[in-house]
Amino acid sequence: MTTTPTETTGSTDRRFFGHPLALGTVFSVELWERFSFYGMQAVMAYYLYYAAAEGGLGFPEESATSVIGAYGGLVYLAAVVGAWVADRLLGAERTLFFSAVGVMAGHLALAVLPGVTGVAVGLVLVALGSGGVKTAATTVVGSLYDRNDPRADAGFSIFYMGVNIGALVGPLLTGLTQELAGFHWAFGLAAIGMAIGLTIYTLGRRGLPGSAAVVPNPLPAGAWVRPALVAVAVVVVVAAGFATGILSAATLSTSVAVVVAVIAIAIFAILLSSPKVDGDERSRVRAFIPMWLGSVVFWSLFQQQFTVVTLYSDTRLDRNLFGWEMPIAWVNSVQPFWVIVLAPLFALLWTKLGDRAPSTAVKFALGAGIMGVAFLLFLPWAGGGENTTPVLAIVGILLVFTLAELNLSPVGLSLSTRVGPAAFRNLTVALFYLSVSLGSALSGTLAGFYSAETEGAYFGIIGGAAIVLGLALFALSPWIRRAMRGVR
């Protein structure tokens with residue numbers, strides 16, 4: 001019996017909390033992919049900079065945060081590869097399946113291969129696999145709704161809740177496993193989580209719509225040679241960069257940021273100049289540019305959960321709770337907890353408001369501005385000594401992180417499936433993820449400027465800049481809404 005997707009899903013299908021039943025299948029695989037991804041990432045920075053006697057690799061902190069930032073950037077950069085594969089070779093549904101296999105293989109490599117070798121092989125496989133999962137899963141979810149289906153934003157919020165259930169549980173279990181058994185056992189647990197998600201997805205593939213398996217722009221026979229040569233050239237250039245010292249752990253995040261910026265500019269140029277794009281579609285792409293830049297700034301702050309906030313939690317946070325010291329990786333579960341609590345409320349809010357809800361541009365403005373406020377909330381404890389910031393302070397600050405995120409991230413995912421030209425639908429989804437990629441890489445670069453001595457200026461300047469950007473997006477929102485040509 002084959003497991004190819006079905007031909008129909010229907011706008012009347014409301015079997016999964018008022019949404020198509022197929023949403024539950026993608027919800028499940030993304031939940032377990034996020035379990036493995038965040039479970040691994042919660043302990044990775046500590047694995048890199050903890051001393052060998054503590055089970056780590058002994059990297060300098062600046063190099064460790066640069067690697068984490070670069071890795072986060074590469075995950076979302078890999079979304080471009082996933083979009084190309086989905087558009088030209090496999091379609092979104094099969095790309096999602098094989099990408100999930102890659103994620104599982106990466107976590108296994110981290111679990112069984114020692115030292116830097118395991119880190120290099122594992123992070124590359126997880127980055128490529130997660131990038132494919134992100135683009136393909138978003139496209140598959142988008143295929144469940146018509147372009148003007150009012151359930152779309154709510155559906156993406158439900159999908160996003162599944163993402164964060166995995167993100168909540170992953171750090172709790174891998175953090176505890178790391179403390180009890182060591183880093184490699186924690187990475188192994190992440191691999192098991194991805195295996196569970198892959199099994200659930202395999203069993204539910206038949207319920208996906210036939211449109212999810214369509215290859216919208218098939219690659220002509222024999223045309224695979226050029227992209228294959230490009231891939232080989234990239235590997236050679238990266239290897240040569242490390243061999244000659246041009247690339248290093250400390251500069252990796254900045255290097256990734258430059259590459260991502262160049263790729264994003266090239267994609268925007270393609271979308272704005274292609275004869276396959278009509279006038280309305282080109283207008284929507286132009287309107288997407290300021291929101292894309294706002295997304296970059298938002299993610300450069302938000303992703304500092306894994307760079308600056310990680311360092312802050314290790315040295316400045318009082319983790320003692322009634323005589324028990326909370327595992328440090330559990331801090332990474334606080335923000336997903338708030339998403340799980342608030343995402344259904346946001347989904348209900350957007351559904352109830354319908355056409356009266358704020359436009360997407362206004363939501364982006366709120367996301368950027370609130371993110372800036374979150375950074376200013378660190379200021380009351382700026383310059384304090386070790387272990388002086390109470391856990392409740394971080395819990396409150398990460399609540400504000402979440403309020404910002406829910407105004408921008410699921411809304412951005414939904415928008416990217418509706419604003420893209422018909423010939424480049426998957427590529428437009430990847431373009432949104434490139435904003436996350438650039439922001440993630442910049443989070444590693446910015447972390448190089450953080451220190452306990454300068455944290456007041458650090459949090460104040462970055463937070464203030466994000467608030468100014470939010471105000472600028474709000475001022476531009478009327479023009480953006482007109483240029484979107486019917487897409488809210």
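Among contacts in the protein chain (heavy atoms within 4.5 Å) that join residues at least 6 apart in sequence, 83% link residues at least 24 apart. The model is a predicted one, in which local features need pLDDT of at least 70 and side-chain atom pairs count only at pLDDT 80 or more, while totals for chains, interfaces and linings use all residues. Residues are numbered from 1 along each chain as its sequence is written, and side-chain values use heavy atoms, with hydrogens and water left out.

The secondary structure of the protein chain consists of 14 helices and 4 strands, where helices (H or I, at least four residues) and strands (E, at least two) are DSSP runs numbered from the N terminus. The radius of gyration of the protein chain, taken over C-alpha atoms, is 21 Å, close to the 23 Å that the globule rule (2.2 Å times the number of residues to the power 0.38) gives for 488 residues, so the chain is as compact as a globular protein of that length. Along the principal axes, the C-alpha atoms of the protein chain fill a box of roughly 55 × 45 × 45 Å. Of the 488 residues, 57% count as buried, a term that stands for under 20% relative accessible area, with exposed meaning over 50% and partly exposed the range in between (1.4 Å probe, protein chains only).

Grid points are joined across faces, edges and corners, and a volume is the space filled by probe spheres set on the points. The largest pocket has a volume of about 2100 Å³, and of the 50 residues that line this pocket, L74, L77, V81, L128 and V234 are the closest to its centre. Helix 2 (61–112), helix 3 (115–143), helix 6 (225–244) and helix 7 (252–273) each supply at least two residues of the lining, and helix 2 gives the most, with 14 residues. By class, the lining of the largest pocket divides into 45 nonpolar, 2 polar and 3 charged residues, where Ala, Val, Leu, Ile, Met, Phe, Trp, Tyr, Cys and Pro count as nonpolar, Asp, Glu, Lys and Arg as charged, and the others, Gly among them, as polar.

In the whole structure, the search finds 2 cavities of 30 Å³ or more. The largest cavity holds about 240 Å³ of space, and of the 23 residues that line this cavity, the closest to its centre are Y38, Y76, K134, Y160 and V163. Helix 4 contributes the largest share of that lining, 5 residues, and the lining as a whole has 14 nonpolar, 5 polar and 4 charged residues. The second largest cavity contains about 30 Å³ of space, and its lining, to which helix 9 (residues 308–315) gives the most with 3 residues, divides into 4 nonpolar, 4 polar and no charged residues.

E33, in helix 1, is buried, with a relative accessible area of 0%; leaving aside neighbours within four places in sequence, E33 is in contact with V103, S130, V133 and M194. E33 and M194 are 161 residues apart in sequence but 5.4 Å apart in space, C-alpha to C-alpha. S99, in helix 2, counts as buried at 9% relative accessibility, and, not counting residues up to four places away in sequence, S99 touches G129, G132 and V133. The C-alpha atoms of S99 and S66, 33 residues apart along the chain, are separated by 25 Å. G464, in helix 14 (residues 455–483), counts as partly exposed at 25% relative accessibility, and its C-alpha atom is separated by 7.6 Å from that of L376, 88 residues away along the chain.

Note on methods: 1 Å grid on protein atoms, 1.4 Å probe; cavity = no way out; pocket = protein on both sides within 12 Å on 5 of 7 lines; lining within 4 Å.
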